[in-house]
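The chain under discussion is shown here.

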Amino acid sequence: MNQESLTFYNRTAKKGSFIFFPEDFSLKVSDFDCFSCLSKAQQETLSAIISVSEVKDSESTYDVDSLCSILEINKPTLNKRIRSLESFGILQHVPFKFDDSNKLIGRVKCIQLMLNPKLQLELTQRSTERTTNYAHRRHNAMLVQREYDNQGFRERPEAAHIPIVRQRSSFPFDQLVAPVGIHTSQWATEFYVNDEKGNSHKLVAQARSHSHVCTDDELMTVYSLLSLTLAYHTKQQEYYSRTGRIPENLTPIYVDDVLAIRKRHLRDFSGQLRQAVRDQLNSIRDTTFDVIGLQELELTGVQLSGYLSRELKIFKQCSPFTPIAPEISENNQVSFGDSAMLYLIEWPDELFNSLISDESSFAFPPNLLTVQPLIFMLFLRFRIKLRDQNSYIETLANLKSALMRTSEMSQFKETLKTQIIKVNALNDPHLSASLEDDGFFKFNLWGYHGVIDFECNEIQISINLDEALACCGIKSVNQKTPTIANPLAQAVSPLLKVNRTLSKAVGAKLNVERFKYHFKLNVDNEDIFISHYTTTEQKTKFCKYIAHAIGLPIPSVEDFITGELESLSTFKVQGQTLQRNHYSIIYKSLAATGNTQIDLSSHMILKELSRRSSLKPELITLIEGKTFQLSDVFISKLSQGLFIQEELPENTYPNIL
């Protein structure tokens with residue numbers, strides 16, 4: 001080797017990339033110990049590189065591939081570690097040549113280990129920043145746990161060991177989400193549902209979001225949230241049985257628990273994984289599905305048939321729960337929950353009731369949420385297709401249309417092959433994939449065995465039912481779709497039946513007047529107004545007052561009010577829903593005027609908003625998140641119709657927020 005120009009005489013391109021150690025190489029493992037920005041895997045790789053400097057060849061080189069046996073890792077993993085160290089600047093490429101010009105270099109790299117003063121300073125700064133960020137997140141987590149305990153939340157389950165489940169009731173979100181990688185605020189799709197007679201009907205759905213619509217990856221997080229919700233309330237089963245209370249549709253969810261159930265690394269120093277969960281929760285919360293289909297209804301005694309739209313959301317409510325107060329930035333953006341570790345989730349009532357009270361839940365393999373989103377969607381598709389048959393064949397074009405219709409066929413086939421082959425790395429005996437000598441691509445996804453013919457563009461799937469059931473923890477062979485018993489249902493179902501009976505008794509004792517956005521109750525000659533924009537605190541106050549007045553349990557009154565709210569409309573402007581956080585901004589802006597002659601009842605505010613068309617443009621900007629502060633003109637115009645008339649009695653219970 002000529003050291004000045006790094007010319008190598010004994011090497012060839014066939015040996016692959018190599019590490020070069022200069023004559024003055026003196027780096028030690030301890031030189032890198034102080035840099036906490038380096039992961040354990042990176043530290044181990046550096047240690048291995050330094051150790052082989054003692055056994056370098058006559059030209060002071062060592063084959064990179066030989067590090068695999070030392071580290072006991074495969075070549076792709078080693079290459080990934082090498083690239084990560086190159087991104088830090090610790091490993092650098094050095095220009096070189098072979099002595100014979102006929103020796104082609106190709107993709108061979110000469111790599112050298114570096115640690116100069118400038119790099120030391122950069123690594124020190126990155127380590128300090130990482131340590132500071134970790135300490136900040138740990139401090140916030142302690143605050144959240146303290147607040148969690150102070151608020152009386154009950155003990156949460158061990159997320160890493162809870163079963164993956166889904167409610168039995170039919171919610172079509174599996175068919176509505178966009179493919180992973182599609183980052184858009186709008187998405188349209190077709191899907192099919194079966195009626196009570198088993199007939200299939202095609203529906204169209206338009207998804208929209210302020211951020212981006214839900215994708216396959218967010219759907220995997222939805223499955224983890226459903227599993228965590230059931231596990232949390234099941235853990236409180238003894239409390240529900242003892243007190244006679246039914247589970248409240250408000251579940252605390254830790255960000256780390258979502259990571260744990262998806263088996264993602266919890267030592268997230270950079271915070272990227274936790275932030276990804278927060279972003280997903282925001283996307284799920286913001287996505288609205290307008291489902292359009294042919295329906296028949298009776299209106300004023302006339303039978304009608306036509307296309308109608310129904311609005312669906314995965315969450316009823318989802319909010320960060322944090323001790324850190326919101327802040328308004330200079331560009332009118334509200335900063336809230338950016339580093340939240342705890343969220344409170346409220347599901348649609350029908351979904352939540354099915355989840356907690358059905359005698360069984362759909363069961364899934366424990367590793368389902370660790371695979372790539374495409375594999376997750378494939379498994380769900382195979383499971384539905386083979387519910388009533390042992391095998392089926394479909395074209396790859398049809399499969400692409402269902403899962404990745406925006407991609408080209410060649411891209412879809414390559415993605416399909418690449419993603420399926422990755423299941424071999426998950427160390428699951430019921431996950432495997434291989435390209436056979438006959439050219440067919442064969443795989444096993446937890447008992448669903450597939451053969452892909454990329455030449456004929458066909459896929460054939462068959463089920464090993466015993467294996468599929470066993471992968472979901474089911475021993476019985478009498479099932480076709482794996483389900484497990486819901487232990488919570490035994491405690492909750494009797495309570496729900498009693499509560500429904502008492503709820504009817506509540507309705508019989510109250511005089512209810514129903515309007516579009518609110519309903520009015522008259523209790524002891526006092527009028528109480530309730531809408532979707534009534535706060536939980538205010539509804540709790542009303543429930544206690546009503547229960548005391550009519551002599552029935554508070555939970556029965558709560559159930560009655562929930563049922564009444566389901567029949568009310570939410571306020572919309574140009575098809576967009578006014579959310580409670582938007583209404584909160586309007587209410588606080590009115591309250592900030594200090595004018596005691598303004599009626600702050602929600603039904604009065606909504607009435608004024610609906611009749612003053614001049615307010616709608618600014619209201620739209622609020623709903624779309626383009627502003628978080630209303631103009632003085634807006635508040636002034638809105639206030640004009642809210643002045644309390646002296647001859648009217650003052651509302652005993654002004655409905656705040």
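For the patches described below, a residue qualifies if it has over 30% relative accessible area and no salt bridge, and nonpolar side chains are joined within 5 Å. The model is predicted.

**Surface patches**

Val204, Ile292, Leu294 and Tyr307 make up a nonpolar surface patch, and their accessible area together is about 400 Å². One of these residues, Ile292, belongs to strand β11, which spans residues 288-299. Ile292 has a relative accessible area of 35% and is partly exposed.

A patch of positive charge on the surface is formed by Lys80, Arg83, Arg107, Lys109 and Lys422. Within this group, Lys109 is located in the loop that runs between β5 (97-98) and β6 (110-113). With a relative accessible area of 36%, Lys109 is partly exposed.

**Buried positions**

Asn486 sits in the loop between β23 (483-485) and α15 (487-509). Its relative accessibility is 3%, so Asn486 counts as buried. The Asn486 side chain reaches the backbone oxygen of Leu355 at 3.0 Å.

Ser224 is placed in helix α6, residues 216-235, and is buried at a relative accessible area of 0%. Ala159 is 65 residues from Ser224 along the chain, and the C-alpha atoms of the two are separated by 9.4 Å.

**Accessibility of the individual residues**

| Residue | Relative accessible area | Class |
|---|---|---|
| Lys109 | 36% | partly exposed |
| Ile292 | 35% | partly exposed |
| Asn486 | 3% | buried |
| Ser224 | 0% | buried |

The classes follow from the cut-offs, because buried means under 20% relative accessible area and exposed means over 50%, with partly exposed in between.

Conventions:
Residues are numbered from 1 along each chain as its sequence is written. This is a predicted model: local features need pLDDT of at least 70, side-chain atom pairs count only at pLDDT 80 or more; totals for chains, interfaces and linings use all residues. Side-chain values use heavy atoms; hydrogens and water are left out. Patches are made of residues with over 30% relative accessible area and no salt bridge: like charges are joined within 9 Å, nonpolar side chains (Val, Leu, Ile, Met, Phe, Trp, Tyr) within 5 Å. Accessible areas come from the Shrake-Rupley method with a 1.4 Å probe; for residues, only the protein chains shown count as cover. A salt bridge is a side-chain nitrogen of Lys or Arg within 4 Å of a carboxyl oxygen of Asp or Glu. Lys and Arg count as positive and Asp and Glu as negative; His and the chain ends are not counted. The place of a charge is taken as NZ of Lys, CZ of Arg, CG of Asp or CD of Glu. Helices (H or I, at least four residues) and strands (E, at least two) are DSSP runs, numbered from the N terminus. Buried means under 20% relative accessible area, exposed over 50%, partly exposed in between (1.4 Å probe, protein chains only). A polar contact is a pair of N or O atoms within 3.5 Å; within protein, one must be able to donate a hydrogen and the other to accept it, and residues adjacent in sequence count only if both atoms are side-chain atoms.
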